[in-house]
Amino acid sequence: MTNILFTHKETKGFEKQMIYKVINSNIKHFPFPHFETEEFLPKEIIEKVIAFWPSSNEFTSNLESGSIVNVDLNKAHQASFRYQINLTTKEELARISGENFIFWDYFTKLLTSPQVIVSFLNIFSKSIMSRLGLKDFNSLFDNYNIMPKLQLLHDRTNYFLGPHTDNPGKLVVFLIYFDSDEDSGKSNPMGTSVYVPVKEGFKCEKGVHHKHDDFFKVFSASFKKNNIFSFCRTNSSFHGVEKVQERPIERKLLQYSIYHGLKNKS
């Protein structure tokens, strides 16, 4: 069998490398807290991400999975060109077969370790505390259940999404870019875009998808292998994916979302 897994010491080293990258990232605060950082995953991990990429028939389209909400989906809708595997759902992870499953099971456990989750939340601690009305960061874990969701994504042909703020249950989102048709190690504008509404002060609590014409695009992350783009979910966190006009493009990436829900203290 191919050497897929790593020792306990190597795994802890990978955790520390990822935490280092996130905690030392430069946050931009307008129009909502976000950052972009290069070379996020350790070299040993990103190599296996590409080598053990699941087969096409192990993915499910957004249309079939129901993972896109507040948008009118049909067979012709652009969102139906996104395919996904929810790595944090055992039934979906189990669709991945053979050695590929062994790696992605390891990968999921690595990225959902308590230390990694805390670092992913800590970088946006001030914004999270302000949003939830918390006096200190530790009270987040006292009052809320924290739930990570990892979606392995494969965008094909004409996929794009209009500006939206995301599901209000999310606290933070991390997008790790893996591979694309145009990935030559150089920057390109096919990553997630940041938008400012034309209507001054416009906010959206529910994460509805809006028309590009109603927004100004102010930034696009570089879809470069092992880049990470992250943001803190707010009612102003309008982001989306621009349609590539020249020709259909395929992209491979991971969407890492951390959700929150009030604890039942009865």
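Modeller: Serine 257 is found in strand E11, residues 251-262. Keep in mind that this is a predicted model.

Biologist: Is serine 257 buried or exposed?

Modeller: The cut-off for buried is under 20% relative accessible area. Serine 257 has 1% relative accessibility, so it counts as buried.

Biologist: How far apart in space are serine 257 and proline 148?

Modeller: Pro148 is among the residues that serine 257 touches, along with Met147, Lys149, Lys170, Val172 and Val173, leaving aside residues up to four places away in sequence. Serine 257 and proline 148 are 109 residues apart in sequence, and their C-alpha to C-alpha distance is 5.8 Å.

Biologist: How are helices H1 and H6 oriented to each other?

Modeller: The axes of H1 (residues 8-23) and H6 (residues 114-122) come within 9 Å and cross at roughly 5°. Angles under 35 degrees count as roughly parallel. H1 and H6 are therefore roughly parallel.

Biologist: How many residues of strand E7 are buried?

Modeller: Ser193, Tyr195 and Pro197 point one way from E7, Val194 and Val196 point the other way, and all are buried. E7 (residues 193-197) is largely enclosed by the rest of the structure, because the buried count is 5 of the 5 residues.

Biologist: Which residue of E8 stands opposite valine 196?

Modeller: E7 pairs with strand E8 (residues 215-220) in the antiparallel sense, over 5 bridges. The residue opposite valine 196 is phenylalanine 216.

Biologist: And which residue of E10 is the bridge partner of valine 194?

Modeller: E7 also pairs in the antiparallel sense with strand E10 (residues 239-241), over 2 bridges. In E10, valine 194 has as its bridge partner histidine 239.

Biologist: Which residues touch the most other members of the largest nonpolar core?

Modeller: This core has 48 residues. Helix H5 (residues 98-111) supplies the largest share, 6 residues. Apart from this core lies another of 13 residues, including Val194, Phe229, Phe231 and Leu253. In the largest core, those touching the most other members are Leu41, Trp104, Phe107 and Phe178.

Biologist: Which two residues are joined by a cis peptide bond?

Modeller: The place to look is the loop between H1 and strand E1 (34-37), where proline 31 lies. Omega is about 0° for the cis bond between phenylalanine 30 and proline 31.

Biologist: What is the phi of glutamate 39?

Modeller: Glutamate 39 lies in the loop between E1 and helix H2 (43-51). At 47% relative accessibility, glutamate 39 is partly exposed. Its phi is positive, in a residue other than glycine, and is near 50°.

Biologist: Asparagine 226 has a positive phi. Is asparagine 226 buried or exposed?

Modeller: Asparagine 226 is in the loop between E8 and strand E9 (228-232). Its phi is about 75°, although asparagine 226 is not a glycine. With a relative accessible area of 2%, asparagine 226 is buried.

Definitions and conventions: Residues are numbered from 1 along each chain as its sequence is written. This is a predicted model: local features need pLDDT of at least 70, side-chain atom pairs count only at pLDDT 80 or more; totals for chains, interfaces and linings use all residues. Side-chain values use heavy atoms; hydrogens and water are left out. Axes are lines fitted to C-alpha atoms, for helices over the stretch in contact, and angles run from 0 to 180 degrees between N-to-C directions. Helices (H or I, at least four residues) and strands (E, at least two) are DSSP runs, numbered from the N terminus. Angles under 35 degrees count as roughly parallel, over 145 as roughly antiparallel, 65 to 115 as roughly perpendicular and the rest as oblique. Buried means under 20% relative accessible area, exposed over 50%, partly exposed in between (1.4 Å probe, protein chains only). Two strands pair if DSSP finds at least two bridges between them. A nonpolar core is a set of buried Ala, Val, Leu, Ile, Met, Phe, Trp, Tyr and Cys residues joined through side-chain atoms within 4.5 Å. Contact means heavy atoms within 4.5 Å.
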